[in-house]
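Dear colleague,

I am handing over the structure below, and after it I set out what was found. Please read the notes with the model open beside them.

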Amino acid sequence: DKGSIFFADATTGSNAEKKGQISYEQNNEIMTFFTNHTKAMEIDAAGHITKPLQPAFLVYPNSTQSNMANDEVLVFDLEVYDVNADFASNTFTAPVTGKYQLNTMIRFGALDSAANYYALFIVTSNRSYLFIFDPDFGQDAVWWTVPLSVLADMDANDTCTIQVYQDGGTQQTDLDSGTGSCHFSGYLVA
């Protein structure tokens, strides 16, 4: 058995269209919420909530970026998933105002020990978040992995990119490619 409550966009007459719906399936004990005829949220018998339209993405670089320039926007051109299609051209664009969990992990290759420092940035329209380190390891490092995460406030249409800055030294550093070495992900939390 299935019961539903409908919400119309007009109160009477032929203009009344059922745009919203709350549905409950007694056999499966699943409650479903629809907006504009599209499933927006489902709650199962155990209380698990799924939101199939909730913005979320996971991307990787498809090839190595060699000898990166200062303030270079990192290229993430391999999408694992992009719910709601909010990621394009190395940039995430917030579809609605909210708090977004943003995560990146970058594996650098050929770090220059003569550089004063390296900085990895999550750059949003509102502010930037950074991880900074001094690569003075006594020799050039073959690999160095840097993680960075933040719960960022973003307004609708704000953007987010990942950038790298190297102060001093030789621009010899590479961004490694591949799904296990670098990624950029995010999702709407609240």
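Is Phe184 buried or exposed? At 0% relative accessibility, Phe184 counts as buried, where buried means under 20% relative accessible area, exposed over 50% and partly exposed in between, with a 1.4 Å probe and protein chains only. Please bear in mind that this is a predicted model, in which local features need pLDDT of at least 70 and side-chain atom pairs count only at pLDDT 80 or more, while totals for chains, interfaces and linings use all residues. Residues are numbered from 1 along each chain as its sequence is written, and side-chain values use heavy atoms, with hydrogens and water left out.

On the aromatic side, the whole structure contains 13 aromatic pairs (ring centres of Phe, Tyr and Trp, the last by its six-membered ring, within 6.5 Å; planes under 30 degrees apart are stacked, over 60 edge-to-face, the rest tilted). One of them joins Phe76 and Phe184 in a tilted arrangement, 5.6 Å centre to centre with 50° between the planes. Phe76, which is buried at a relative accessible area of 3%, belongs with Phe184 to a cluster that ring pairs build together with Phe57, Phe87, Phe92 and Tyr100.

As for the cysteines, there are zero disulfides (a pair of cysteine sulfur atoms within 2.5 Å) in the structure. Cys160 is in none, its nearest cysteine sulfur being that of Cys182 at 16 Å, which is too far for a bond. Cys160 is buried, with 0% relative accessibility, and Cys182 is buried at 0% as well.
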